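Here is a short briefing on one protein model. Keep the structure in view as you read.

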Amino acid sequence: MTKSAWVRVLPFAVFMLFIAVQQSGQWMIDKGYGGLTETHLLFLYPIKVVVVGILLLSLFRFYSEINFKDLFHFKHTFLGLFVGVIVFILWINMDWPFATFGDSQGFNPTLIEQTSVRNFLIIMRIIGAALLVPVMEELFWRSFLLRYIIDNDFERVKIGTYTLASFAIGAVLFGLEHNLVLAGIVAGALYSLLLYKTKSLTQCIIAHGVTNLLLGIYVLLTQNWQFW
């Protein structure tokens, strides 16, 4: 794998590694091993945000496809915001049992009694979901993978190049990454369609960030922790 590929894959891989560690910790809790508690696992997320955030910042100079000037294309920016809202609405309404893989307890901050610690964890969760995850995932899924499926030398493929295979495979794999599989597939498809329309990864990051921010606000207001 080339350096250009690695700088887009590595932050995502590290993020997924933390998820694997968390799942292993949950398994240990369920089995009564190690003296771990649900509260201990809550502190993995801020560590993950810091580690992956540092990675993204240190590699940011390589991400030429992220161009903030794209935000001045106001029609595309409005479309990105609109897509972000639509994905959020679909996400919270597509949690049907047949469309869900496994169980998700989500992040429940009420497990933390100390107010300052609880607020810190909530803030880190929102920062991670609304700022970190959109950048990391869009770099991996729609900058790297969609192009890599078309050509192993993915940099030869322009951002926003459409093929049916890359569109379908990308959407399905994006869905399988999430507990709400069908909602994830639909979200992946809509973010990719936005990319094809705007040719801008930045607009996809904005859309993804809006979805996750609205989802965080919704979870805090409704206490539907499973969406987190």
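The lining of the second largest pocket has 16 nonpolar residues, three polar ones and no charged ones. This is a predicted model.

**Second largest pocket**

- The volume of the second largest pocket is about 460 Å³.
- Its lining is made of 19 residues.
- Ile127, Ala130, Leu131, Leu132 and Val135 are the lining residues that lie nearest the centre of this pocket.
- Helix 3, helix 5 and helix 8 each give at least two residues to this lining.

**Largest pocket**

- The largest pocket holds about 1,400 Å³ of space.
- A total of 44 residues line the largest pocket.
- Nearest its centre lie Ser104, Gly106, Arg125, Asn179 and Trp228.
- Its lining divides into 22 nonpolar, 15 polar and seven charged residues.
- Several helices each supply at least two lining residues, among them helix 2 (38-42), helix 4 (74-93) and helix 6 (164-176).
- Helix 1 gives the largest share of this lining, with eight residues.

**Helix 4**

- How far apart should the ends of helix 4 be, at 1.5 Å a residue?
- Its 20 residues should span 28 Å, and the end C-alpha atoms are 29 Å apart, so the two values agree.
- The buried residues of helix 4 are His76, Thr77, Gly80, Val83, Gly84, Val87, Phe88, Trp91 and Ile92.
- Phe74, Lys75 and Phe78 are exposed, on the face turned away from the buried side of helix 4.
- Helix 7 and helix 8 are among the elements that cover the buried residues of helix 4.

**Arg125**

- Arg125 is part of helix 5.
- Is Arg125 buried or exposed?
- Arg125 counts as buried because its relative accessibility is 11%, and the cut-off for buried is under 20%.
- Beyond its neighbours within four places in sequence, Arg125 is in contact with Tyr45, Phe107 and Trp228.
- Arg125 and Phe107 are 18 residues apart along the chain, and their C-alpha atoms are separated by 8.6 Å.
- Arg125 and its contact Trp228 are both among the lining residues nearest the centre of the largest pocket.

Terms used:
Residues numbered from 1 in each chain as written. Predicted model: local features only at pLDDT ≥ 70, side-chain atom pairs only at ≥ 80, totals over all residues. Heavy atoms only, no water. 1 Å grid on protein atoms, 1.4 Å probe; cavity = no way out; pocket = protein on both sides within 12 Å on 5 of 7 lines; lining within 4 Å. Points joined across faces, edges and corners; volume = space filled by probe spheres on them. Helix = DSSP H or I, 4+ residues; strand = E, 2+ residues; numbered from the N terminus. Nonpolar A, V, L, I, M, F, W, Y, C, P; charged D, E, K, R; others polar. Expected span 1.5 Å × (residues − 1). Buried < 20%, exposed > 50% of the residue type's maximum accessible area, 1.4 Å probe, protein only. Contact = heavy atoms within 4.5 Å.
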